[in-house]
Amino acid sequence: MTISVNEGERTLVKDNHHLGKFDLSGIPPAARGVPQIEVTFEIDENSILTVTALDKGVGKAETLTITSEKGRLSPEDIERMIAEAEEWQEEDRLLKERIDAKHSLENYLHSMRNTIEDRDKLADKLSEDDKSTISEALDEAHDWLRSNPEAEKHELEDTTRELQSVCDPIIASIYQGGSYADDEEFDDL
């Protein structure tokens, strides 16, 4: 995992000032969302920035130290970047909303795919027809997402809602059947 350290007020990393980067290696393979990486930033009285990344699972840590004279912005540059951030505030807000909508769709796709394929979740509880219906809807949404990388927020949200309108009733029917009524594991879906 590469940790990139930037300073600035803009939404996208590319619009900020790059200070440095470092790699946290030795992270064991795991499913998406399982590794827990804690990143801390400390600034001392001499304006020395220390960034530490810690893999909480295996206890491995790496650190980057950035001194004032090593690529930091001048007070004038900071003021200029603050003014730019204010100037681009609305565009950055809209961009962030679009990115959040895209991530929401991607996360739903991943979660639902995992739900229908993982025997510890619902794979064994779904009929083949229901699995096929969900799988086709997931494939269609995934293909649409790949074909529309610059889709607008409302398009991404509409696609998520359409996908949920296919998947959620099928998943809900399993609960209504009672087989998972008291199962806490399903709360994670």
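Colleague: Which residues of α2 meet α3, and which α3 residues do they meet?

Modeller: From α2 there are K102, L105, E106, L109, M112, R113 and I116, and they meet K131, I134, S135, L138, D139, A141, H142, W144 and L145 in α3. Keep in mind that this is a predicted model.

Colleague: What classes of residue make up the contact of α2 with α3?

Modeller: Nine are nonpolar, two are polar and five are charged.

Colleague: And at what angle do the axes of α2 and α3 cross?

Modeller: Roughly 150°, and the axes come within 10 Å. Angles over 145 degrees count as roughly antiparallel, so α2 is roughly antiparallel to α3. The crossing of α2 and α3 is left-handed.

Colleague: Why give both an angle and a distance?

Modeller: Because two packed helices are described by the angle between their axes and the distance between the axes.

Colleague: OK, now α2 and α4. How do their axes cross?

Modeller: Helix α2 covers residues 89-117 and helix α4 covers residues 153-176; their axes cross at roughly 20° and come within 9 Å. An angle under 35 degrees counts as roughly parallel, so α2 is roughly parallel to α4. The crossing of α2 and α4 is left-handed.

Colleague: Which residues are involved there?

Modeller: On the α2 side you'll find E97, R98, A101, K102, L105, Y108, L109, M112 and T115. They meet K153, L156, E157, T159, T160, L163, Q164, C167, D168 and I171 of α4. By class, this contact of α2 with α4 has nine nonpolar, four polar and six charged residues.

Colleague: That leaves α3 with α4. Are they roughly parallel or antiparallel?

Modeller: The two pack at an angle of about 170°, with their axes 9 Å apart, and α3 and α4 are therefore roughly antiparallel to each other. The contact uses D130, T133, I134, A137, L138, A141, W144 and L145 from α3, together with E155, L156, T159, L163, V166, C167, I170 and I171 from α4. Twelve of the residues in the contact of α3 with α4 are nonpolar, two are polar and two are charged.

Colleague: Let's talk cores. Which residues touch the most other members of the largest nonpolar core?

Modeller: L109, M112, I134, L138, L163 and C167 do, in a core of 20 residues. Helices α2, α3 (128-147) and α4 are the elements that give two or more residues to this core. There is also a second, separate core of ten residues, which includes I3, L24, L64 and I66.

Colleague: Let's pick one member. Is L163 buried or exposed?

Modeller: L163 sits in helix α4. It has a relative accessible area of 3%, and anything under 20% counts as buried, so L163 is buried.

Colleague: What does L163 touch?

Modeller: Beyond its neighbours within four places in sequence, L163 is in contact with L105, Y108, L109, A137, L138 and A141. L163 and L109 are 54 residues apart along the chain, while their C-alpha atoms are separated by 8.6 Å.

Colleague: What about R98, is it buried or exposed?

Modeller: R98 belongs to helix α2 and counts as buried, at 16% relative accessibility. Leaving out neighbours within four places in sequence, its contacts are P149, E150, A151, E152, K153 and L156.

Colleague: New topic. What stands out about S47?

Modeller: S47 has a positive phi of about 65°, although it is not a glycine. You'll find S47 in the loop between β3 (37-43) and β4 (49-55). At 33% relative accessibility, S47 counts as partly exposed.

Colleague: Where is T40, and what does it touch?

Modeller: T40 is in strand β3. Not counting residues up to four places away in sequence, T40 touches T50, V51 and T52. T40 is partly exposed, with a relative accessible area of 30%.

Colleague: Last one: where is A83?

Modeller: A83 has its place in helix α1 (residues 75-87). Its relative accessible area is 43%, and A83 is partly exposed. From C-alpha to C-alpha, A83 and H17 are 14 Å apart in space, and they are 66 residues apart in sequence.

Terms used
Residues are numbered from 1 along each chain as its sequence is written. This is a predicted model: local features need pLDDT of at least 70, side-chain atom pairs count only at pLDDT 80 or more; totals for chains, interfaces and linings use all residues. Side-chain values use heavy atoms; hydrogens and water are left out. Axes are lines fitted to C-alpha atoms, for helices over the stretch in contact, and angles run from 0 to 180 degrees between N-to-C directions. Helices (H or I, at least four residues) and strands (E, at least two) are DSSP runs, numbered from the N terminus. Angles under 35 degrees count as roughly parallel, over 145 as roughly antiparallel, 65 to 115 as roughly perpendicular and the rest as oblique. A crossing is left-handed if the near helix is turned anticlockwise from the far one by less than a right angle, and right-handed if clockwise. Contact means heavy atoms within 4.5 Å. Ala, Val, Leu, Ile, Met, Phe, Trp, Tyr, Cys and Pro count as nonpolar, Asp, Glu, Lys and Arg as charged, and the others, Gly among them, as polar. A nonpolar core is a set of buried Ala, Val, Leu, Ile, Met, Phe, Trp, Tyr and Cys residues joined through side-chain atoms within 4.5 Å. Buried means under 20% relative accessible area, exposed over 50%, partly exposed in between (1.4 Å probe, protein chains only).
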